Amino acid sequence: MDLDGEAYSMTEQEPRVSEQQQGPLQAGLNPGSRSIIPRGHGLSWATLVITTLAILMTSVDAGILPAVLPAIKDDFSLNNAQAGWINSVFFGGTLVGAVAFGLLSDRIGTGYRRSWTWNIAMLIGIIGGALTFGFAGSFIAFFLLRIPMGISRGGSETVNVALVSEWWPKEHRGFAVGVHHTGFPLGQFLTGALIAVVLDAAGWREAFLIIPLLGIPIIIGQIFVGTRRNQERVYEWIDLHKLTRPLPELTTSTRTSMEPIKAALTNRNVLMSVVLMFLFLWCEAGSTTFLTTQLVGHGVSQSQAALIAGASGLTGWIGQVVWGTWSDRSGRKFAMRFLIIGWVLSLLAMIFITGATSGWIVLIFWGLFRNAPFPVTYALLIDSLPKYAGSAMGIMIGIAFALSGLLATPVSGFIIDHFGFTAQYVFLAAICLIGLIPLARITESVRVHHA
């Protein structure tokens with residue numbers, strides 16, 4: 001029985017793609033794109049807009065705490081190390097949400113069926129934000145309510161990345177995931193702007209109430225667009241234009257709960273991607289959590305510091321689209337090598353943030369690289385394990401994102417308290433550079449087309 005209430009048989013109602021049509025899919029290799037100009041059905045573009053807005057909300061939700069952290073520290077009399085533990089419990093919830101919702105989305109079904117799993121994850125975040133506002137007077141309550149917010153973040157991002165990839169031809173997967181992930185840099189900047197407005201009009205508690213409610217229209221849009229019939233239209237268009245379906249079937253579901261986990265944990269690309277993303281995300285969590293604190297320490301006002309901390313979002317969309325699209329043609333590993341170097345240079349440049357002007361300059365430069373590794377790696381994972389994309393994404397986001405955030409923020413707080421921001425950024429740059437080691441062990445997933 002389909003989730004829409006219709007009797008459903010994949011073998012009877014959905015024609016399977018022949019081996020000749022699947023081509024490189026059988027070999028586990030993305031056919032790659034001969035052109036940088038993407039081609040997709042109108043509904044593919046509509047899904048891309050909705051999932052991009054969804055990622056934007058995920059980014060905004062995650063950015064609330066770092067943006068208002070100085071005010072929370074003052075309110076509850078916390079030092080940097082203690083404040084880092086508040087963020088750690090959020091990442092602990094992310095670990096649970098990413099793995100649980102990744103498995104759930106594969107179990108319920110791929111394609112249009114993922115919309116239902118994603119909507120549940122987003123609703124948890126909206127409810128968690130409202131409860132945070134209502135009970136934020138108690139530090140213990142505020143601390144514990146970071147858990148459902150983290151569960152929502154892990155679950156929604158995991159399912160959303162898999163969802164968008166299943167509405168686009170395989171040849172343009174890097175482009176679709178890259179554009180969809182522009183929601184993160186845009187959200188990073190928008191968070192600062194929204195927080196600045198909220199702080200000027202109210203307090204930090206109101207931010208946790210107002211901002212998550214903006215996700216409700218996005219959920220409604222996903223319900224209307226993410227239907228079975230709409231996805232059928234997309235797949236028919238892909239076949240007509242002789243492109244490669246993202247999956248040979250419209251939707252599949254997992255019969256055995258451990259099957260996706262076993263497949264992911266025995267895939268070297270998945271394992272090396274987890275290590276690589278762990279290093280990137282350690283650096284991101286360690287730097288972003290204390291950016292507003294660093295700026296406030298140099299005499300920048302709280303609201304202005306929150307705005308500047310999101311400056312990387314102004315250029316982040318450029319890096320996401322360019323590197324995601326270019327990886328469809330040049331390969332995922334080729335793009336990632338340049339991104340590692342860009343991150344190292346950006347982290348070392350953060351040593352020289354001593355006020356508003358230097359903050360704008362350094363963070364706008366970082367935006368060209370900051371978010372780009374994630375869509376490139378997500379595309380690599382979906383290339384490598386298309387049938388179990390939700391579980392593979394859940395493992396990577398859950399372990400890499402949650403574990404790095406769980407450990408990075410207390411360690412960074414300790415380093416800052418005892419050795420200062422210079423030591424902190426040198427340490428983070430060294431961690432990022434180590435990423436070249438797992439990258440060397442990854443097998444390229446794109447058939448590279450030379451001019």
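Mentor: Cys283 is buried, with a relative accessible area of 0%; buried means under 20% relative accessible area, exposed over 50% and partly exposed in between, with a 1.4 Å probe and protein chains only. The model is a predicted one, in which local features need pLDDT of at least 70 and side-chain atom pairs count only at pLDDT 80 or more, while totals for chains, interfaces and linings use all residues. Residues are numbered from 1 along each chain as its sequence is written, and side-chain values use heavy atoms, with hydrogens and water left out.

The cysteine has a partner to consider. A disulfide is taken here as a pair of cysteine sulfur atoms within 2.5 Å, and by this rule the count is zero. Cys283 is in no disulfide, its nearest cysteine sulfur being that of Cys432, 4.8 Å away. Cys432 likewise is in no disulfide, and at 2% relative accessibility Cys432 counts as buried.

Contact means heavy atoms within 4.5 Å. Leaving aside residues within four places in sequence, Trp343 is in contact with Cys283 and Cys432, and also with Phe280, Glu284, Trp366, Phe369, Arg370, Pro373 and Phe374. Phe280 and Trp343 are the residues with the most contacts inside the largest nonpolar core, which has 80 residues. Such a core is a set of buried Ala, Val, Leu, Ile, Met, Phe, Trp, Tyr and Cys residues joined through side-chain atoms within 4.5 Å. Its largest share, 11 residues, comes from helix H15 (residues 268-288). Helices are DSSP runs of H or I with at least four residues, strands are runs of E with at least two, and both are numbered from the N terminus. Apart from this core lies another, of 32 residues, among them Ile72, Phe76, Ile86 and Trp204.

The 12 residues of H20 (residues 356-367) should span 16 Å at 1.5 Å a residue, and the end C-alpha atoms are 16 Å apart, which agrees; the expected span is 1.5 Å times one less than the number of residues. Buried in H20 are Ser358, Gly359, Val362, Leu363, Trp366 and Gly367. They cover an arc of only 165° around the axis, and so lie on the same side of H20; the arc is that of the directions from the helix axis to the C-beta atoms. An α-helix has 3.6 residues a turn, so residues three or four places apart point the same way. The face of H20 turned away from the buried side carries the exposed residues Thr357 and Ile361. The buried residues of H20 pack against H15, helix H16 (291-297), helix H17 (302-309), helix H18 (313-330) and helix H19 (332-349).

The chain as a whole gives the setting. Its secondary structure comes to 24 helices and zero strands, and buried residues make up 61% of its 451 residues. Among contacts between residues at least 6 apart in sequence, 85% join residues at least 24 apart. Glu444 is found in the segment after helix H24 (436-440) and is partly exposed, with a relative accessible area of 23%.
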